[in-house]
Amino acid sequence: MKSHRRGRRAGLVIALGAVAALLAGCGQSGSTAASGGPVTITFLSYTVGQASAVGDGTKKLIADFEAANPEIKVEAQPVPTADVLTKLQASVVAGNPPDVAQIGWSKVAQAAGTLPLRPFEDITSAEDWKNTLDGIVPSVLKATPVAGQQKIVSMPFLMATPVLFYNTDLFKAAGLDPAHPPTTIDQMKQAALTIKAKTGADGTYVSAVDPGKSDYLTQSLVDSAGGGLVTPNGDITVDSPQAITALSAVQDLTKSGAQPAVQFDSAQSAFSAGKLGMLVTTAGGLVTLDKAAKGKYTLGVAPFPGFEGMPAHPTFSGNGLSILAKDSAKAQAAWKFVQFLTSEKSFEYIASSMGYLPLRAAAASAADPRLGPALQQLADLAPYTTFPGKKSNQGVVVLQDEAVEPIVLRGADPAATLHAAAAKIRSLG
Amino acid sequence: MTLATQTKAGPARKTGSALAWLYFTPAIVSLLIWVYGPLLFTAVLSFLDWNLVSPDAAWQGLRNYGTLVTQPEFGNAAWNTVLYGLCVLPFATVVPCALAIAMWKRPGRASEIYRMLLFLPVVVAPVANALAWQFILDPLHGAVNQTLRAVGLPAVNWLGDPHTALLTIVAVTVPKVVALNTLLFGAALANVDRRTVEAARMDDAREGEITRAVVIPQLRRTMILLGMLSLVVVWPWLFTNISVLTRGGPSNATDNVYFRLYTYAFTFFDAGTASAAAIVIAVAFGLLLAGYAFLSRRFRASR
């Protein structure tokens with residue numbers, strides 16, 4: 001009798017203690033680099049731990065940097081995509097933030113609003129800063145400043161637009177012409193139903209329900225339908241008629257059977273196995289998908305499909321690099337690292353071997369030719385928008401979990417669901 | 001003689017109790033630092049609006065507690081927590097008890113091997129286990145749905161359908177509970193006198209009657225203890241599977257109060273609401289405990 005009561009109380013106490021300890025945040029370190037000796041900087045990254053060409057590429061870029069700068073060591077801290085903000089915030093609370101962090105675009109506005117991201121201009125000289133920006137594709141510089149920030153705090157690194165990947169062999173087997181992939185969502189639905197009927201494979205998958213909890217594809221769909229999730233002065237319009245049209249179209253893909261009602265991971269592995277005809281997702285998946293297709297089928301890449309009579313207007317996904325180092329020697333080393341990762345040479349490698357876009361015009365010629373559709377979109381890039389306020393990322397999570405997923409995968413009423421989500425997001429701001 | 005001992009016992013007891021407090025001090029101090037201090041800190045946090053990093057935390061009174069009541073998420077999580085508890089309970093008591101008795105009744109090499117195999121889930125790495133299940137349960141080409149299709153049954157989106165997701169999380173978690181408790185029931189059975197069973201056999205009792213009337217009554221206390229204990233230790237195991245497989249979705253169907261607390265604190269960085277949730281969980285547990293203690297005392301008194 002006594003022992004189990006004690007067991008319960010101990011469990012409770014342990015649970016509470018753990019929670020409180022976590023909330024309080026323990027441990028402190030304000031390490032200063034010894035002057036003159038080698039400097040070690042920490043790099044929080046969600047791509048470095050991935051078992052893919054992107055993960056290998058990130059490791060190679062780090063190794064190249066260390067080889068070129070023997071006095072600087074980079075210590076990578078891998079983190080899952082969806083946990084970047086969590087890890088970052090927890091490490092800031094603990095007084096031990098990484099010196100450089102790779103932050104996805106859907107999370108950077110909240111990070112900049114709440115965490116000590118340092119403007120690059122404050123770290124280096126005005127001339128050096130101007131020279132660094134020189135050569136970056138103008139549309140990228142126009143589309144990436146973080147809302148609410150006067151100075152640039154996130155340097156565009158691995159960036160991609162969404163495209164339509166397709167299995168050319170399944171197209172042929174279904175009697176479709178792989179040279180003319182669908183250009184609108186309607187055409188894609190027809191092609192998907194044909195593939196399903198003729199080959200038995202699944203038709204298409206639009207990865208609006210993003211595993212990293214980003215809304216880049218939701219934005220791309222709503223933008224392409226002529227709407228937007230938020231107006232320039234911060235009004236939330238996720239329940240606009242255009243947004244309802246856009247998500248209804250994706251829901252129709254599921255309802256008609258053109259798209260399986262599954263999470264992205266299942267769809268991606270089905271596509272890799274040659275059992276799914278089309279996959280609309282970030283162009284950054286190119287190398288991984290291509291590697292999986294090798295020997296099984298030929299991978300095709302086409303522009304993001306839009307709506308009938310309107311040009312497609314996708315935004316971008318990916319990440320930028322931010323510096324959090326306080327210590328001057330570490331901040332300088334961190335800046336060198338950021339400069340290296342966003343140099344022309346690095347972008348040549350990124351665009352040829354990692355599947356992300358060359359953000360410097362001079363590196364474009366090195367790009368994988370199948371990035372063509374994404375490169376065209378880069379010239380006319382729709383800005384990635386963020387919800388206003390310090391809870392912008394919570395707004396994205398609400399939109400994705402409580403509206404996009406139930407509508408797209410489980411047949412929830414688009415208008416009512418989006419109205420409810422919009423009200424909730426407005427109440428956060 | 002009696003008088004002499006009594007007079008001696010007075011001061012001796014006093015020094016004894018002072019000494020006892022001295023021995024207690026390290027434990028009490030560390031409890032204050034590591035348990036009650038943070039608990040107090042959490043209680044204070046629950047009245048603030050704070051994101052863990054900003055230097056200014058605003059006082060909000062009871063608004064965080066209001067959020068827990070007015071927003072549907074915490075209520076839903078609390079209900080799911082009850083469901084999880086109810087679903088886990090038979091796998092913490094009846095199932096492992098039956099397995100342990102079966103192995104106890106037929107001792108030997110086969111029983112030993114079986115016992116070892118049953119214990120295996122306890123030592124499997126939790127995240128690796130969850131990832132393996134993700135592949136097995138994949139709605140399109142996972143082993144489970146492939147098998148269902150092969151025998152002509154419709155495929156089920158186990159983790160993606162709000163109707164099946166919670167049960168699926170329970171199903172992938174309980175092997176661990178069963179494994180551990182089978183071992184513990186086995187240990188309890190080692191204390192059961194086999195001669196009581198022999199005696200019952202002499203009296204021509206059937207095997208079912210022996211189990212029901214002789215073995216199980218001797219395991220009743222163990223069963224209550226393990227049922228309670230499992231309801232304390234199962235949450236971290238469930239948490240891992242929820243975190244890897246569903247992140248509380250679809251439509252919060254697999255959420256529970258612990259995952260909700262984590263979401264408030266580390267997805268939304270709302271330390272105030274998370275702390276309010278922690279306090280509510282602590283109070284609810286405390287009330288349950290008090291109620292149980294009260295009932296068991298009444299029960300004992302009435303006997």
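Student: Is Tyr166(A) buried or exposed?
Tutor: In this predicted model, Tyr166(A) is buried, because 28 other C-beta atoms lie within 10 Å and 20 or more count as buried.

Student: Which element is Tyr166(A) in?
Tutor: Tyr166(A) sits in strand S5 of chain A, residues 162-167.

Student: And what does Tyr166(A) touch, leaving out residues up to four places away in sequence?
Tutor: Phe171(A), Pro181(A), Gly277(A), Met278(A), Gly300(A) and Ala302(A).

Student: How far apart are Tyr166(A) and Thr315(A) in space?
Tutor: From C-alpha to C-alpha, 20 Å. In sequence, 149 residues separate Tyr166(A) and Thr315(A).

Student: Switching to helices. At what angle do H2 and H14 of chain A cross?
Tutor: Roughly 160°, with the axes of H2(A), residues 53-68, and H14(A), residues 344-354, coming within 10 Å.

Student: What does that make H2(A) and H14(A) relative to each other?
Tutor: Angles over 145 degrees count as roughly antiparallel, so H2(A) and H14(A) are roughly antiparallel to each other. Their crossing is right-handed.

Student: Which residues make the contact?
Tutor: H2(A) supplies Ala53(A), Val54(A), Gly57(A) and Leu61(A). From H14(A) come Ser346(A), Tyr349(A), Ile350(A), Ser353(A) and Met354(A).

Student: How many of those in the contact of H2(A) with H14(A) are nonpolar, polar or charged?
Tutor: Six are nonpolar, three are polar and none is charged.

Student: On to chain B. What is its secondary structure?
Tutor: Chain B has 12 helices and two strands. Starting at the N terminus, the order is α-β-β-α-α-α-α-α-α-α-α-α-α-α.

Student: What is the radius of gyration of chain B?
Tutor: 26 Å, whereas a compact globule of 303 residues would have one near 19 Å. The C-alpha trace of chain B spans about 90 × 75 × 35 Å along its principal axes.

Student: What share of chain B is buried?
Tutor: Buried residues account for 31% of its 303 residues.

Student: And what share of the contacts join residues at least 24 apart?
Tutor: In chain B, 68% of the contacts between residues at least 6 apart in sequence.

Student: How do H3 and H10 of chain B pack?
Tutor: H3(B), residues 72-92, and H10(B), residues 207-246, pack at about 120°, their axes 9 Å apart. At that angle H3(B) and H10(B) are therefore oblique to each other, and the crossing is right-handed.

Student: Which residues are in that contact?
Tutor: On H3(B), Tyr84(B), Gly85(B), Val88(B), Leu89(B) and Ala92(B). On H10(B), Leu226(B), Gly227(B), Ser230(B), Leu231(B), Val234(B) and Leu238(B). By class, the contact of H3(B) with H10(B) has eight nonpolar, three polar and no charged residues.

Notes
Residues are numbered from 1 along each chain as its sequence is written. Chains are lettered from A and ligands numbered from 1 in the order in which they are written. This is a predicted model: local features need pLDDT of at least 70, side-chain atom pairs count only at pLDDT 80 or more; totals for chains, interfaces and linings use all residues. Axes are lines fitted to C-alpha atoms, for helices over the stretch in contact, and angles run from 0 to 180 degrees between N-to-C directions. Helices (H or I, at least four residues) and strands (E, at least two) are DSSP runs, numbered from the N terminus. Angles under 35 degrees count as roughly parallel, over 145 as roughly antiparallel, 65 to 115 as roughly perpendicular and the rest as oblique. A crossing is left-handed if the near helix is turned anticlockwise from the far one by less than a right angle, and right-handed if clockwise. Two residues are in contact if their C-beta atoms, placed from the backbone, lie within 7 Å. Ala, Val, Leu, Ile, Met, Phe, Trp, Tyr, Cys and Pro count as nonpolar, Asp, Glu, Lys and Arg as charged, and the others, Gly among them, as polar. The radius of gyration is taken over C-alpha atoms; the globule rule is 2.2 Å times the number of residues to the power 0.38. A residue is buried if 20 or more other C-beta atoms lie within 10 Å of its own, exposed if 12 or fewer, and partly exposed in between; C-beta atoms are placed from the backbone.
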